[in-house]
Amino acid sequence: MTLSDRARDLTSKAKTGVIRVGGGQLAYLLWVLSRTSDRNLLRLIGVFEKIAVSEHHRKQLRQLAELVERKHPAMDLIRRLLSLHPNYRRRLIQNLAINATWLGEVKRKEFALQTGVFPPYLLVISPTMRCNLRCLGCYAGQYPRSRDPLSFATLDRIVTEAKEMGTYFFTISGGEPFVRRDLLDLYEKHDDATFLVYTNGTRIDDEAIAAMQRAGNVAPALSLEGSEQETDFRRGAGVYAQVMETMDRLREAGILFGYSGTATRLNAEAYLREEFYDLMIEKGCLFGWIFIFVPVGRDDDVNLMVTPEQRDQLRAMSMQVRRTKALFSADFWNDGCLTDGCMSGGRLYLHVNYRGDVEPCVFIHFATHNIVDMFEKGQRLWDVLNSPFFCAIREVNRKDRNRLRPCLIIDHNEWLVKAVNSCGAKPTHPGAEDIITVLSPQVQQWGKAYAVLAERAWHSGEYDWTKDYPGPVRSEVPLDLPPA
């Protein structure tokens, strides 16, 4: 059967309701991406649009068709995915595309209708704060590093309960996750989920690479500060060379991996150079994340923050990279347009820290609940979602319609102050309260300066395509929110 015949056959079955989106169909779609003509590819995407499980997914497929028609570099990115190890190709389809995204959304909606609690798309877990490095300005640098209170059994239960809600995507942070070897067993046990692991790249040995290759569901994001000079200045002598060598070994093993960069006032220029992204593609990165330094951890110096002008330049660079490179690059602060605003408070994600404190965001170090205590009391993971603190965070985290200013910490610090104080949330490490006390006036002044640039960009026309973006289908299940 030719590709055209297969496309017509799928179309016919879709019209009669014979088929549904599943691993076989998505595997076939990815296979076609590397082999078929654009014409047949567009026909096949049309098939999947007919059998998609929601309007949100249909819109995603229409956007994919537009990329094909424009011969966008993103198509090369998709084809690069096919060079991964077969275990990664399979898990990318089944775990990320189907479980976490397509069918996961249906399961999350069903859970919300049954319980009144809408689950997040992903969970961030920091199983350890131990780390072999002491990086300048580390957001987690104020947490104790001596022990790991979260047992394997507790981590296993967190992941299990998340999947019961329909959440199949997990980000593992720290600390340095690869100092806990039992996490490799966690990834293997939950082989229906996807794990994005932030790592400094210096503790990934051959045993870890072999374990990840077998599992096929672990994607390391290796931290870099730009060039060798910039990376070694912040992370320590020789770290850059170790990361480059680790990337080579991951690429040779066919493992899905990317980079993670933190922009400070000292190194922001590194992420404004196209050479950085070209090198990441050459090394084998398929994705990357840019974060901007926020003064919430070690060396909480407001003067390490990028300037408002640098942030605006980073925003523009993220858009340019996605338009021109075969690389998925996102900016955690400047791409609120892609997530319809702030993700925190369980709107799209939450954070469980090394001690079990359930924080609304990795960078908001305040909590009213601890998952270990909750489990001991017979409560479930989702009980925290409608807690007063999380509801207060969600109430304000999307009030600003300018999605280029989504952050409660640096864009609307006054809202964070109100949410923490009104709910009696406690700092989760010494000094965490500084962001809403001694540092608050400076941060708020910084936010007002950036607002001028953000307003100009938001109304420039460049983001008009995002202003009707439906985002995750959540509005059908209202949450009980406290009054503003």
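In this predicted model, helix H8 (residues 182-189) has Leu 183, Leu 184, Leu 186 and Tyr 187 as its buried residues. Viewed down the axis of H8, these buried residues fall within an arc of 155°, so they line one face of the helix.

**Helix H8**

**Helix H13**
- Helix H13 (residues 308-324) has 17 residues, which at 1.5 Å a residue should span 24 Å, and this agrees with its end C-alpha atoms being 25 Å apart.
- Among the buried residues of H13 are Arg 311, Asp 312, Arg 315 and Arg 322, as well as Leu 314, Met 317, Met 319 and Val 321.
- The cover over the buried residues of H13 includes helices H12 (274-283) and H17 (440-458), together with strands S5 (258-263), S6 (287-292) and S7 (328-331).

**Helix H15**
- Because seven of the nine residues of helix H15 (residues 388-396) are buried, H15 is largely enclosed by the rest of the structure.
- The buried residues of H15, including Phe 389, Phe 390, Cys 391 and Arg 394, pack against strands S8 (349-352), S9 (358-359) and S10 (366-367) and against helix H16 (413-423).

**The sheet**
- Nine strands form an open sheet with mixed pairing, in the order S7-S6-S5-S4-S3-S2-S1-S8-S9.
- S7 and S9 stand at the edges with a single partner strand each, so one side of each lacks a neighbour in the sheet.
- Within this sheet, S3 and S4 pair in the parallel sense over five bridges, and Tyr 198 stands opposite Ala 221 in S4.

How values were computed. Residues numbered from 1 in each chain as written. Predicted model: local features only at pLDDT ≥ 70, side-chain atom pairs only at ≥ 80, totals over all residues. Heavy atoms only, no water. Buried < 20%, exposed > 50% of the residue type's maximum accessible area, 1.4 Å probe, protein only. Helix = DSSP H or I, 4+ residues; strand = E, 2+ residues; numbered from the N terminus. Arc of directions from axis to C-beta. Expected span 1.5 Å × (residues − 1). Contact = heavy atoms within 4.5 Å. Pairing = 2+ DSSP bridges.
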